[in-house]
Amino acid sequence: MQTETINPALDAAALSRRDLLHRCGMGMGALMLSQLMAETGSVRGALQAATKNPLEPRQSHFPVRAKRVIHLFMNGGPSQVDTFDPKPLLDKYHGEKLPIENLRTERPTGAAYRSPYKFQKYGESGIPVSEIFSKTAECVDDMAIVRSMHADVPNHEPSLLLMNCGDARQIRPSLGSWLTYGLGTDNQNLPAFVVMCPGGYPIQESQNWQSGFLPGIYQGTYLDTNNVEVSKLISNIRNDRLPREQQRKQIDLLQQLNQRHLDRSGHDPQLEARIQSYELAFRMQSEAADAFDVSREPKHILDMYGPGTQARQILIARRLVERGVRFVQVWHGEGQPWDNHDDIEVNHRRLAGQCDQAIAALLKDLKQRGLLDETLVVWGGEFGRTPVVEMPKEGSNQGKINGRDHNHWGFTMWLAGGGVRGGTIYGATDEFGFRAVENKVHVHDLHATILRLMGFDHEQFTYRYAGRDFRLTDVHGRVIHDLIA
Amino acid sequence: MRALIPRFVILAILTPAALSAATPEQEEFFEKKIRPVLVESCYECHSSKKQQAGLRVDHIDFLKKGSENGPVLKPGDLAGSRIWEVLQHDPLDTQMPPDSKLDAAVLADIKRWIEMGAPWPASDVPATTEGAAVDWTQHWAFQPIGRPQPPETRNTAWPRTQIDRFVLAKLEASGMRPSDETDRATLLRRLKYDLLGLPPSFEEIQAFLADESPDAYEKRVESYLNAPQFGERWGRHWLDVARYADTKGYVFTEDRNYYDAWRFRDWVIAAFNNDLPYDRFIKLQIAADQFSEAPDDLHAMGFLTLGRRFINNKNDIIDDRIDVMSRGLMGLTVTCARCHDHKFDPIPTADYYSLYGVFDSCDEPKNEPSTLRLVDKERPSEPRVFLRGNARNGGPRVPRQFLEVVAREDRKPFTQGSGRKELAEAVANGDNPLTARVWANRVWGHLIGRELVRTPSDFGVRSDPPTHPELLDSLAGRLIDSGWSTKTLIREIVLSNTYRQSSRMTPDDEARDPENLLLAHMNRKRADFESLRDSLLAAAGNLDLTLGGKSVEISGSSTANRRTVYAFIDRQNLPEVFRVFDLASPDTHAPRRYETSVPQQALYLMNSPFALAQAQKLSARYEALEPADRVRELFRAVYARDPSSDEAAAAKDFIDAAPEPESADIASGWEYGYGAVDPDASKLTSFTPLPHFTGSAWQGGPQLPDDGLGWAMLNSAGGHVGNDLQHAVVRRWSVPADGRLAIRGELRHNTDQGDGVRGRILISGDGQRGVWEVQNRRQRTILSGFDVRAGDTIEFVTDLKGNLNHDSFEWKVRLTLDVAGVGIVESSSDREFAGPTPLPLKPWDQLAQTLLLSNEFQFID
């Protein structure tokens, strides 16, 4: 038989199907009461396990390669031929029609358009990287560059949902929600799934980190990293009307009253869970203030990441994973900053310039702290860009003929750390960088691989909802074992 | 542990290979060159485990039968074999295998194999397809609803109603006994929360305790059933079913609001208050345009039309409507059949598209009496099955008709317009085995705290069977027989002794039935978000009980005090407070609410402006009283009871020990105002605080420019100067101690338009220490150390220089004060920028808040 849930705490939650969860669990999954009973030795123990916090750390199917994820989301779609997938043939054909038919993308496209940037080989692996990511390139021996990514359609909205939730339109939990549901979190004093985006939301907004049909607590906690103050980053994290010592006394009185109430009510796990949650909340206030305050970093670390908002939020990401946060998603900015239909030379240089140093610093910093081995870093957009120029079109670009259209046929993402085989290039696009042709990796395959690195069999990692067992990868997805070290 | 459905296998029935048997040489060629390729490159998606596109390639017969798009292999006919085409990796066609083209040598082998007639070893027997089969006609939920007689019980004294006999019989069969009736105060509190979602007042409880009439409880039941708050409470339960929201979700740049969503919500509330028969309640929500003449009833169709818009993708919108109707009303997971026949339940894809056709035959007309209504199109559509759910992949036509699983052999195609009216009649029908059961189960769950069927929106063959099947049938049967009266059903349940039991679990119950499946005691419930927020407002004496109307924003810094059912719900970016407190997801139909216990809930109650405001309002109610009386009144307001002596003592000890807060601890030392500059004397001749804070800026009023104070504005980075020299903007810092002060900063003006701005630093309105002018540039504003005294003020004054044109500026400053013998005090204008200093929580406010945080307040026994 197939086990439908993956671990005791989930089973515990499931157990509440019959009732229990009503008592404090979360109605999910199928149940494996016997397993839970075996582990805890009694029905009573099983019941208590079921009343645990939904974010309690949990075991996955397989030994874990990556414990945590940092997803650097270059929203808008960075161009592969200008970053990690050099195509010298574009120089030859620059300004001319490609010898192959232009694939259909969102908008009309024209002649070949060479990369305005120089590429250079880096590291022992000698992987070529564009000058606009020259600092990140220093870490290329830790990176697995997937040049054969492909998605389904050339539009932002469905592609963002596909990349985040595994489905282009329907309501499905995001990757971060699945992982916090499956693994819980190692630090109860911080949100388990943190999403940072300076200035506002990306396109498709908070649906990108939705929990779908999973409990709301698994949704990403969004922070506008244009804010520097912790109290503006996390809601209700500070009480500015009550000194901390006095709040402690208040909680002490509260627990006295709660204890009397518990004595009158009889033993009840849901009442006890609630009592505990105040202690957790009290600790969370100081822990969160600490985690988000990058000014506590020494100067050499601050200098390493460099100035600016990207540096600050990427450094926050490191501070969060260091403290056990399960999934951190770092978006480049509000809207779709990498969506350079025009002036790609200036804009890609500017955008890369904002994050290149910080990304390099992140990889080196994680490594020097011994965290890179267990932290998976994922870089990429929702799709890539065409190797041919976008043609002017009323109402869609500025008619400059110096940008690139969306391209879902082929694009590049890279993975680093967390059990990934560094210094590798996987797959290839055609000779112009238009379409993935060799060892193609669909977004579902990427998801299956990430889940595998996190210890899950993507086909067994399910959630029962509306009569079906749902998966992040739906009926798709293959683990790309060549990406795993 | 729940029973596992055994997996049966469907044996594939195969015709013998049509061609003559392969020669040994051909077999060898096949085994060496062809089969390994199939296994390696194709089996993952096209064999016994998976059949993508309906195709298997692990036997010649499957290849010839082909995929859902037709045959893929014609032995001997290369050009006629689809499989050969997809292997070519034509950029404009499907490409197989999907990740990379097969090597040329392999392709040559395949070509040869097809041309030689695709020989396959005759001895090969294909593996059977994995699948499941269950005799669904025997499934309990699809049987007609019986009218079971309540069983006899040994204990004849305890049962008060029929419900009690069903419950007691099961308990007796397990050798268990029901609990005693709970105390009267607890019972009344339970009843009022369950019926109205509100706490009873101290006086209400006292009156109940003093009422010795035999029907004291019954009178309260009637009174609550007739209160207008009943509809608000039960209407909200229905809004969960209806995945209610005030917005459409993501729709590009289109206006996201459903401006009339609240009219559906108010219609639902009124329907519950009027005890609109449940069958009619459903009919109006599906087809009010065809069942009612009353214009207000058209809003009922918001049930269908208020879903997520999925960027206006028609198929997804219809899918959502099928889902809310089938899971919400009948506990059937019909949308599983969008792409393929339901794996477990008897719902073929054809049935999905029969319903699809009904909704595809409807329009949402603009400029109609209700924006929520549907009308039938003039010409109904004739649905086709979409193979694998793909709209470009049209399959056979199907009639618009009801589900076979319910209609059985009586099923006939719909004939009236879209068929929506016939659909509504088929759902809201006493002969439908699901509709009444599903609703009775939901009502039971809301009152008892646990449904009889634990999957209230899935009554399919994989769902949990009811714990008390006869009771469920009895409730559903009497719901129908009472004329579908929801109030009658609720009354029956709350009058039962089962409902009136104590919620205390005895050690014996705990050992025998830890999940309380048999109901030997009542379930303790946690107040849901609506009840919790409403109760906070009620305790503070701050609850506005106005009925109905447009939705109100309650999140963020809102001070709204309407009942929570009137909250504006943005499904696209659902505010954190709703998520954290487990509001039903407004995205798709939610079977039931999760009940999580997480620290974010505690943080909201400990620190949110809303919770603190209610605590302060609550404590202010009794400010004039003596301490002992004040403690007593707080307990009465929050718990509707007096404190015990040790509780009163603990409260008094807390008050006595709590220091009065010092506001200086909290103030940052910064003030934000405007004043008149005397440019000749380099002096500030007045200082007046800016009166309005927007959440991120201080200014004259909510809008810029303000009628009185013009453009004057200060924010964390800088601001905008006022309209003249009488309205220079002034950021002022009070020196906390004698010392030596140094200031670093940068004044910026970021445009080449206008003549720029002027900034100056003064001490106590006089004593100018620096003045700078900037236009489209940045200027460091640095003052090296100079002596200051406690109480001095340092003013950062910015004025318009010459004319008022593009006079936004940035001016961040950092102050370093070296206090002899103490150390360095630092202050930054941007980091410490703040809104109005909130009133500190005084000891009594803290006590009031503590009571509001407690389990006794947040759980319902």
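**Figure 1. Gly719(B) is a buried residue, with 25 other C-beta atoms within 10 Å.** Buried here stands for 20 or more other C-beta atoms within 10 Å of a residue's own, exposed for 12 or fewer, and partly exposed for anything in between, with C-beta atoms placed from the backbone. This is a predicted model, in which local features need pLDDT of at least 70 and side-chain atom pairs count only at pLDDT 80 or more, while totals for chains, interfaces and linings use all residues. Residues are numbered from 1 along each chain as its sequence is written, and chains are lettered from A and ligands numbered from 1 in the order in which they are written. To find Gly719(B), look in strand S15 (residues 718–720) of chain B; helices (H or I, at least four residues) and strands (E, at least two) are DSSP runs, numbered from the N terminus. Beyond its neighbours within four places in sequence, Gly719(B) is in contact with Met713(B), Leu714(B), Val729(B) and Phe809(B). Contact means that the C-beta atoms of two residues, placed from the backbone, lie within 7 Å. Tyr43(B) belongs to another view: Gly719(B) and Tyr43(B) are 676 residues apart in sequence and 66 Å apart in space, C-alpha to C-alpha.

**Figure 2. Helices H11 (residues 278–291) and H16 (residues 420–427) of chain B cross at roughly 160 degrees, with axes that come within 9 Å.** Axes are lines fitted to C-alpha atoms, for helices over the stretch in contact, and angles run from 0 to 180 degrees between N-to-C directions. H11(B) and H16(B) are therefore roughly antiparallel to each other. For such angles, under 35 degrees counts as roughly parallel, over 145 as roughly antiparallel, 65 to 115 as roughly perpendicular and the rest as oblique. H11(B) passes H16(B) in a left-handed crossing; that is, the near helix is turned anticlockwise from the far one by less than a right angle, whereas clockwise would be right-handed. On the H11(B) side, look for Ile282(B), Lys283(B), Ile286(B), Ala287(B) and Gln290(B), which meet Arg420(B), Lys421(B), Leu423(B), Ala424(B), Glu425(B) and Val427(B) in H16(B). Sorted by class, the contact of H11(B) with H16(B) has six nonpolar, one polar and four charged residues. Ala, Val, Leu, Ile, Met, Phe, Trp, Tyr, Cys and Pro count as nonpolar, Asp, Glu, Lys and Arg as charged, and the others, Gly among them, as polar.

**Figure 3. Helices H6 (residues 184–196) and H7 (residues 202–210) of chain B pack at an angle of about 125 degrees, their axes 10 Å apart.** H6(B) and H7(B) are therefore oblique to each other, and their crossing is right-handed. Arg184(B), Ala185(B) and Leu188(B) of H6(B) make the contact with Ile205(B), Phe208(B) and Leu209(B) of H7(B). By class, that contact of H6(B) with H7(B) holds five nonpolar, no polar and one charged residue.

Figure 4. Most peptide bonds are trans.

**Figure 5. Arg388(B) has a positive phi of about 50 degrees, and phi of Arg408(B) is near 50 degrees.** Most residues other than glycine have a negative phi. Arg388(B) sits in the loop between strand S5 (384–386) and strand S6 (394–397) of chain B, and is partly exposed, with 17 other C-beta atoms within 10 Å. Arg408(B) is in the loop between helix H15 (404–407) and H16 of chain B; with 11 C-beta neighbours inside 10 Å, Arg408(B) counts as exposed.

**Figure 6. At the chain interface, 75 residues of chain B are in contact with 73 residues of chain A.** Several helices of chain B each supply at least two residues of this side, among them H13 (314–330), H27 (645–657) and H29 (843–853). H24(B) gives the most, with seven residues. The side of chain B that touches chain A has 30 nonpolar, 21 polar and 24 charged residues.
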